[in-house]
Amino acid sequence: MIGEIHQATIAQLQFMIPNMDENMLEAAKLSRHILVGRLGDELLCVVGFIPRSMISGEAYIWLHTTPAAEQHKLIFARHAKEVVTRSLSVYEKLIGHCLSGKSRRWLETLGAEFITDDVFEIRRA
C-alpha cells in the first residue's frame, strides 16, 4: 500500500476523528493548512500549521498521530520528510514543541534545531 498526504478541512477532520478533543479542534481552527496522512483507509496523522501572523513567514507546527502511525513507522517517516520539505516552501521557519526524547531524535533527522529543551525550529535552507 502507498501512503498519501492531502489537505483537509475542519469538517473533514471532524468526520475522520469524531471524538476529537477540544485542544486539537482549537489548533485546527487556528491552522492555515491542515494535512492528513493516510495509508489506505487508515488515518496515520494530522499536521497543522498555525502562522504567527497574517504576514509572517513562520508557523507553529503541530502533529497528532494515531496508533496506526506506530504500526507503519517507515511510511510515516518517509512522508514526514516530504511534509517538512513542502512546508518550508511556504514558510521560512517552522516552530514547535517536543516533550519526548525519542521524538526529539526523529525531529533532528528532519532538520530540527532545539533552541530550548523542548522548543525546536526547522528553517528553510
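Predicted model: local features only at pLDDT ≥ 70, side-chain atom pairs only at ≥ 80, totals over all residues.
**Reading burial and ring pairs**

Trainee: How many aromatic pairs does the rule count?

Mentor: The count comes to 3 aromatic pairs.

Trainee: Why is the pair of Phe-49 and Tyr-91 called stacked?

Mentor: The ring centres of Phe-49 and Tyr-91 are 6.0 Å apart, which is within the 6.5 Å required for a pair, and their planes stand at 20°; since planes under 30 degrees apart count as stacked, the pair is stacked. This pair links distant parts of the chain, with Phe-49 in strand E3 and Tyr-91 in the loop between helix H4 (73-87) and strand E5 (93-97), 42 residues apart.

Trainee: And what makes the pair of Phe-76 and Trp-106 stacked?

Mentor: The reasoning runs through two values again: the centres of Phe-76 and Trp-106 are 5.5 Å apart and the planes are at 25°, so this pair is stacked, the limit for the angle being under 30 degrees. Because Phe-76 lies in helix H4 and Trp-106 in helix H5 (residues 101-109), the pair ties together parts that are 30 residues apart in sequence.

Trainee: Why does Phe-76 count as buried?

Mentor: Phe-76 has a relative accessibility of 15%, and buried means under 20%, so Phe-76 counts as buried. Trp-106, with a relative accessible area of 24%, is partly exposed, because that class lies between the 20% and 50% limits.

Trainee: How do you know that Glu-121 counts as buried?

Mentor: Glu-121, which has its place in strand E7 (residues 119-123), has 11% relative accessibility and therefore counts as buried, given the cut-off of under 20%. Its side chain makes a polar contact of 2.9 Å with the side chain of Arg-123, and another polar contact, of 3.5 Å, joins the side chains of Glu-121 and Lys-93.

Trainee: Which residues of helix H2 are buried?

Mentor: In H2 (residues 22-30) the buried residues are Met-24, Leu-25, Ala-27 and Ala-28.

Trainee: What puts them on the same side of H2?

Mentor: They cover an arc of only 160° around the axis, and this is why they lie on the same side of H2. The face turned away from that buried side carries the exposed residues Glu-22, Asn-23 and Leu-30, whereas the buried residues of H2 pack against helix H1 (10-16) and strands E2 (33-39), E3 (42-51) and E4 (58-65). At the start of H2, a side-chain oxygen of Asp-21 reaches to within 3.1 Å of the backbone nitrogen of Asn-23.

Notes
Residues numbered from 1 in each chain as written. Heavy atoms only, no water. Buried < 20%, exposed > 50% of the residue type's maximum accessible area, 1.4 Å probe, protein only. Helix = DSSP H or I, 4+ residues; strand = E, 2+ residues; numbered from the N terminus. Arc of directions from axis to C-beta. Contact = heavy atoms within 4.5 Å. Polar contact = N/O pair within 3.5 Å; in protein donor to acceptor, adjacent residues only side chain to side chain. Phe/Tyr/Trp six-rings, centres within 6.5 Å; stacked < 30°, edge-to-face > 60°.
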